[in-house]
Amino acid sequence: MVPHAAQTGDAPARKRAAGPLRWIERWIALAVLLALWQISTHYGWVRAVFLPSPSVVFGTLWQLVSTGELFATLGTSLGRAFAGVALAALVGIPAGFLMAESRFCRWWLSPYVAFGFPLPKIALIPVLTAWFGMDSLSKVILVFATCVFPFIVAAQSGASLISQKLRWAAFSLGTKRSELFWLILLPATVPSMLSGLRIALPIGLITVFTAEMVTGGGLGEAIVQAQRYFQSPQVYAYVIVTMVVGYLADAGIAWLQRRFAAWATE
């Protein structure tokens, strides 16, 4: 019993000690990649016009940050992406609940979801540009059209997984039908909706960057302009920014899942 108690008491200490090791293992692959990148450019294995050294790229990135040029272009892109994703959530989540709860809504909306979900939304860029111009509105609508379907599917699948016995139990305890959504359906589908958000947000970012490369404005246009004038350090600096933004977005949603939906994995 004593050795077992000692082992149990040492478990938190071992967990704290393993934390830094896991962090190092997670980032060691990136460190190796940067080292190989620096070596290949230092010895001239790759021409600088195709692959500038990491020091040059990060120096360019710091210059873009210090001058504020990065924040202007990045802010434009993020505003469009977040607006489109928010609009998609406002429309897609209620639509998914309606499809799960109403046979008529499921019959009416299923064909649109079945045909619209696999549609490559990038093909809509010329159409939306002709209708809504080359400014932010067409890009927000494009992001909305891309991201609304993951929200619909996530909300529908989450609501469909709620057993009928749980609903009956809620009614037997005095829950009114008008309260069922707020007390049962919405809390029970939080994990599914966060999963839908984790899918939709990166897709929204990819969509807005791609649309900006075609029709201009924001970070996408900045990448194209730098490539057009063979400003390779700027191209790679902007690409790194897109990677960091995507990573932070995914990490933020993962934190929300651990904070508000950890019970779903227990």
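Me: What makes the contact of Asp250 and Arg198 a salt bridge in this predicted model?
Reply: The side chains of Asp250 and Arg198 meet at 2.8 Å, N to O. The cut-off is a Lys or Arg side-chain nitrogen within 4 Å of an Asp or Glu carboxyl oxygen, so the pair qualifies.

Me: Which parts does the pair tie together?
Reply: Asp250 lies in helix H11 (residues 232-260) and Arg198 in helix H9. The two parts are 52 residues apart in sequence.

Me: Why is Asp250 called partly exposed?
Reply: Its relative accessible area is 28%. Buried means under 20% and exposed over 50%, so Asp250 falls in between. Arg198, with 30%, is partly exposed by that test.

Me: How many salt bridges are there in the whole structure?
Reply: The search finds 2. Glu212 and Arg80 also meet in a salt bridge, at 2.9 Å, N to O. That pair links helix H9 (residues 190-215) with helix H3 (residues 69-101), 132 residues apart.

Me: Are Glu212 and Arg80 buried or exposed?
Reply: Glu212 has a relative accessible area of 0%, and Arg80 has 8%. Both values are under 20%, so both residues count as buried.

Terms used
Residues numbered from 1 in each chain as written. Predicted model: local features only at pLDDT ≥ 70, side-chain atom pairs only at ≥ 80, totals over all residues. Heavy atoms only, no water. Helix = DSSP H or I, 4+ residues; strand = E, 2+ residues; numbered from the N terminus. Buried < 20%, exposed > 50% of the residue type's maximum accessible area, 1.4 Å probe, protein only.
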